[in-house]
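Biologist: I would like to go through this model with you, one question at a time. Please give the cut-offs behind each term as it comes up.

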Amino acid sequence: MVVSYTREHVYRHPWHRVTAAAWRKFTDPAARAATGSLAHILDVHTLSRDVDPVSGRLRAVRAIAGRTPPPPLLLRGLLSLSSGGGDVVVLCVERTDVDAPARDMRVDSRNATLRGLVDVEERCSYAPHPERPDEWTLCRQETTIRCAPLAAVAPARVAEVVERRCAERFTQNADKGREVVERICADLAAEQDGIQEEPR
C-alpha cells in the first residue's frame, strides 16, 4: 500500500531568507514551546555538516526526534506499547543539500524508526519562483507513505486506515512547518529593515 502526494507553496520572500528560515524552524524556541506549532519536536541533532570551499555547497545530516499521536489499537499491540497507549517517539533523518550560488536547496527526510510498519519519505525543494525569482520562493513537497503489508494480522483496510491517518498527520505537520517558516521570514525581514533604517 502506498499513498503519495505533492504540494507547492509560494513564499513571498527571497530564496536566501526562506532557506535560512527553513533551516531554523525545528530549533526555533517559539515553535518548540509547549503551545507552539512544532511542540511535537523533542530534539534536533546535527550528525554531520560539510561545506565545499570551492563550490560553496553545504551538505548536512540531522536527526529529529518527535512525538506522534497514539497509533491505532492494533498497531499499539504490534509496537508492544503499554495498554494505556500514549505518544510514540519517532526518529527521522533529514539530509540537506544547499547550492547557494545556484539558489537551490533540497531536503530529504525519512523515518528511521518504525520503518517495518510505516515508511515515510519526504522531499522538499526550495528554488526562486519562476515569475519573481528575486522576490519569491517556490517550495515543492513530495511525500510518499508506504504501509507494510499487515495481511498476517489484519485486513488490508487496516493498512489503508493507517496510511490515511499518517497522510493526514503529515499534512497537518507540513502546514504547521510552513507557518513557522513564514513567521521566521517575517522576523528576518523586520530585522533587516530595522538594520537598514538605523542612522549612520
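Biologist: Is Cys185 buried or exposed?

Modeller: A word on the basis comes before the answer: this is a predicted model, in which local features need pLDDT of at least 70 and side-chain atom pairs count only at pLDDT 80 or more, while totals for chains, interfaces and linings use all residues. Residues are numbered from 1 along each chain as its sequence is written, and side-chain values use heavy atoms, with hydrogens and water left out. Buried means under 20% relative accessible area, exposed over 50%, and partly exposed in between, with a 1.4 Å probe and protein chains only. Because the relative accessible area of Cys185 is 0%, this residue is buried.

Biologist: Which residues does His13 contact, leaving aside its neighbours within four places in sequence?

Modeller: His13 sits in the loop between β1 (2–11) and α1, where helices (H or I, at least four residues) and strands (E, at least two) are DSSP runs numbered from the N terminus. His13 has a relative accessible area of 13% and is therefore buried. Its side chain is joined to that of Arg17 by a polar contact of 3.2 Å, a polar contact being a pair of N or O atoms within 3.5 Å of which, within protein, one must be able to donate a hydrogen and the other to accept it, and for which residues adjacent in sequence count only if both atoms are side-chain atoms. With contact meaning heavy atoms within 4.5 Å, and with neighbours within four places in sequence left aside, the partners of His13 are Val18, Glu135, Trp136, Thr137, Glu182, Cys185 and Ala186.

Biologist: Which cysteine has the sulfur nearest to that of Cys124?

Modeller: A search of the whole structure finds zero disulfides, a disulfide being a pair of cysteine sulfur atoms within 2.5 Å. Cys124 is buried, because its relative accessible area is 11%. Cys124 is in no disulfide, and the nearest cysteine sulfur, 5.0 Å away, is that of Cys139.

Biologist: How far apart are the C-alpha atoms of Gly116 and Ala148?

Modeller: Gly116 is placed in the loop between β5 (104–111) and β6 (118–128). At 61% relative accessibility, Gly116 counts as exposed. Gly116 and Ala148 are 32 residues apart along the chain, and their C-alpha atoms are separated by 6.4 Å.

Biologist: And what separates the C-alpha atoms of Ile145 and Glu163?

Modeller: Ile145 belongs to strand β7 (residues 137–147), and because its relative accessibility is 0%, Ile145 counts as buried. Glu163 is 18 residues away from Ile145 along the chain, and the separation of their C-alpha atoms is 6.6 Å.

Biologist: In what order do the elements of the protein chain run from the N terminus on?

Modeller: The protein chain has four helices and seven strands, and buried residues make up 40% of its 200 residues. From the N terminus on, the order is β-α-α-β-β-α-β-β-β-β-α.
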